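The sequence and structure are shown below.

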Amino acid sequence: MDITILGVESSCDDTSAAVIHNGVMLSNVIASQAVHEAYGGVVPELASRAHQQNIVPVVSEAIKRAGIAKTDLSAIAFTRGPGLMGSLLVGTSFAKGLASSLQIPMVDVNHLQAHVLAHFIKENDNDKNQPSFPFLCLLVSGGNSQIILVKSYNEMQVIGQTIDDAAGEAFDKCAKVMGLGYPGGPVVDRLAKEGDPKSFKLSRPHIAGYDYSFSGLKTSFLYLLRDAVVKDVDFVEKRKNDLCASLQYTIVEILMDKLRKAAKDLGINEVAVAGGVSANSAVRKAFEEHAEKFGWKIHLPKFSFTTDNAAMVAITGYYKYKDKDFCDFNAAPFARVTL
Ligand code: KG4
C-alpha cells in the first residue's frame, strides 16, 4: 500500500511542510522567521502571526515540489507539542482544516520524537544509512538537552536531561552577552574556529547520573566577562575568538562526558545526535573522534534536518500511520510534553 504523508511543523519560529512517500522524502519546505532578529530571541506573538502568513504558501509549495495532488495524501501529520502555544495552534488548526476537507486521518507528532526519527528520513530508495535499534540519541537544541534510549520507532526513554538551561540556550545566552546576536550558536561556532579552546577555564557541573546542567557554566562565563571588562572595556572584542572557543569546548565536553558514560553503562555503541546544536562543528568532530576511539557507529544528521523541519514530522507520521495511531479531530496542542 502506498502511504503519502504531509508533515506540518510550526512549534517555534520555522513554518515548514514536507511530503514523505513510503518513507522517502519528496519535499521539505522551510520558511524561517527573520522578524525575531531585532529582539534577540523568539517573540511568541510575532511567531504565531508569521506562521499564519506562511502556512498556506509553504504547504502549497511542499505539495507542488513533491509533484503530487492534495488528493494523493493518506494523512496529515502535525506537531502537537512541545512548543509555543500560539505557534502550535496555527499548525494544529491548519492540519484539522485540511484533513477534514480531504476526509483523511490526522496524526499528532511529538516534536522531540520527530527530532530523533529524522535519522530515518530517506532521500531516495537506496538511502540505507538508518540507525538500528536500540541506539542512543543526544537531543540538543535551544530548549532541550537529553540523552534518549531509542528502543523502537515508538518506544523512547529519556535517561538523562538538563536540570536547568539547555545546551543551545547556553550558546545563545553567552553569545548575547558578548553582543553576537541571536541565535548565537552558529556565530560562536564560526568564531571558535579562530580561537584557542584552552584559553579560559569555565566551570563544569557535578551532577549525578546522566543529567546535564549548563547554568553554572553560563554564570562562570558572565563573571569572567564582568571581571575582565572592568579592567579593559575592549576585552570581549579583543578576545572573542578565544572566548567562543573555550565556551564551545566546555559545552561539548559536558555533553560528551555524560553520553560516553551512558553508552558504556548500557553497552550501546550506536549513537546519534539530533536538534539544532547537532549542526555544531565541534559536536560533530567529537562524535567522529568517539567513533574512532570507542568504536561507536555514529549518525550525524544532514544540516537541513538539524533545525526544525517538517520532514521529521512527516517521517514520524509515516510510522504512526503504519501503526494506525491516529488522533482525534478535537486534539489540542500541548505547550509542554515529554517523550
Ligand atoms: O532545534 P532548534 O532549531 O530549535 C530550538 O530548540 O529552538 O535549535 C536551535 C538551537 C539554538 O540554540 C541555536 O543557537 C543552536 O540550536 N545552534 C547551534 C548551531 N546551529 C544552531 N549551536 C551551536 N553551533 C551551531 N552551529
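Contact here means heavy atoms within 4.5 Å. The model is predicted.

## Surroundings of Asp14

Asp14 lies in strand β2, which spans residues 14–21. With neighbours within four places in sequence left aside, Asp14 is in contact with Glu9, Ile30, Ala31, Ser32, His51 and Asp308. With one of these residues, Ser32, the side chain of Asp14 forms a polar contact of 3.0 Å.

The relative accessible area of Asp14 is 10%. Because buried means under 20% relative accessible area, Asp14 is classed as buried. Glu123 stands 109 residues from Asp14 along the chain, and the C-alpha atoms of the two are separated by 21 Å.

## Burial of strand β6

Strand β6 comprises residues 135–140, and six of its six residues are buried. Both faces of the strand are covered. On one side are Phe135, Cys137 and Leu139, and on the other are Leu136, Leu138 and Val140, all of them buried.

## Pairing of strand β6

Strand β6 runs antiparallel to strand β7 (residues 145–152), and six bridges join the two.

Technical notes:
Residues numbered from 1 in each chain as written. Predicted model: local features only at pLDDT ≥ 70, side-chain atom pairs only at ≥ 80, totals over all residues. Heavy atoms only, no water. Helix = DSSP H or I, 4+ residues; strand = E, 2+ residues; numbered from the N terminus. Buried < 20%, exposed > 50% of the residue type's maximum accessible area, 1.4 Å probe, protein only. Polar contact = N/O pair within 3.5 Å; in protein donor to acceptor, adjacent residues only side chain to side chain. Pairing = 2+ DSSP bridges.
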